[in-house]
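Q: Please take me through this structure. I would like to know what each label rests on.

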Amino acid sequence: MSFISAHALDSTVGTPAADLEVTLYSGAEAIANARTDDNGRVSEFGPDHLGAGDYRIVFATGAYFEARGWDHFHPQVTIDFTVKAGEAHYHIPLLLSPFAYSTYRGS
C-alpha cells in the first residue's frame, strides 16, 4: 500500500470527483502525480514510505470544474501536512464544491 492515499468527493452533485489531478510535493519537488479513479480515489500514490517532515498535496480543482463547464473560485486546493516519524499511512480526503472545500486527516 502507498504511504499516501487521497479521496475527493464532489458535494455539488453528490458523487466521487473522478479524473481529478492530484500532485504530492516535498518542498518544491513533485514526488508523485496521479488522477482520481471513478470512485474519486488515488490508492497507489507516491512512495511506500515518506520520512518525517512537511509535505503538500495539490488537487487541480480549477481544471476539474472547467472540464465540466462550471464556474469556480479555487484554481487548486493545496493541503500542507506534516508526516510524523513512526506513522504507517496518511489518507487525505477532500470534499469540494465550486466555491468551498473541506478536508481532514482520514484513516
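A: Start with the elements. Helices are DSSP runs of H or I with at least four residues, strands are DSSP runs of E with at least two, and numbering starts from the N terminus. This is a predicted model: local features need pLDDT of at least 70, side-chain atom pairs count only at pLDDT 80 or more, and totals for chains, interfaces and linings use all residues. Residues are numbered from 1 along each chain as its sequence is written, and side-chain values use heavy atoms, with hydrogens and water left out.

Q: Where does Tyr104 lie?
A: Tyr104 sits in the segment after strand 9 (100-103).

Q: Why is Tyr104 called exposed?
A: Its relative accessible area is 55%. Exposed means over 50%, buried means under 20%, and partly exposed is in between (1.4 Å probe, protein chains only). So Tyr104 counts as exposed.

Q: Why is Arg41 called partly exposed?
A: The value for Arg41 is 37%. Arg41 belongs to strand 5.

Q: Which residues does UniProt give as "binding site"?
A: The unreviewed UniProt entry places this feature at His7, Arg41 and Tyr104. Such annotations may be inferred rather than shown by experiment; positions follow the numbering used here, and feature names are shortened.

Q: What does Tyr104 contact, leaving aside neighbours within four places in sequence?
A: Contact means heavy atoms within 4.5 Å. On that basis, Tyr104 is in contact with His91, Ile92 and Pro93. With residues up to four places away not counted, Arg41 touches Ala6, His7, Arg35, Thr36 and His91.

Q: How do you know that strand 3 and strand 4 pair?
A: Two strands pair if DSSP finds at least two bridges between them. Six bridges join strand 3 to strand 4. Therefore they pair, and they run antiparallel. Glu21 stands opposite Arg35 in strand 4.

Q: How many bridges join strand 3 to strand 6?
A: Four bridges join strand 3 (residues 21-26) to strand 6 (residues 53-59), so this is a pair too. Leu24 has Ile57 in strand 6 as its bridge partner.

Q: What is the strand order in the open sheet of four strands?
A: The order is 4-3-6-7, with antiparallel pairing. Strand 4 (29-35) and strand 7 (77-83) are the edge strands, as each pairs on one side only.
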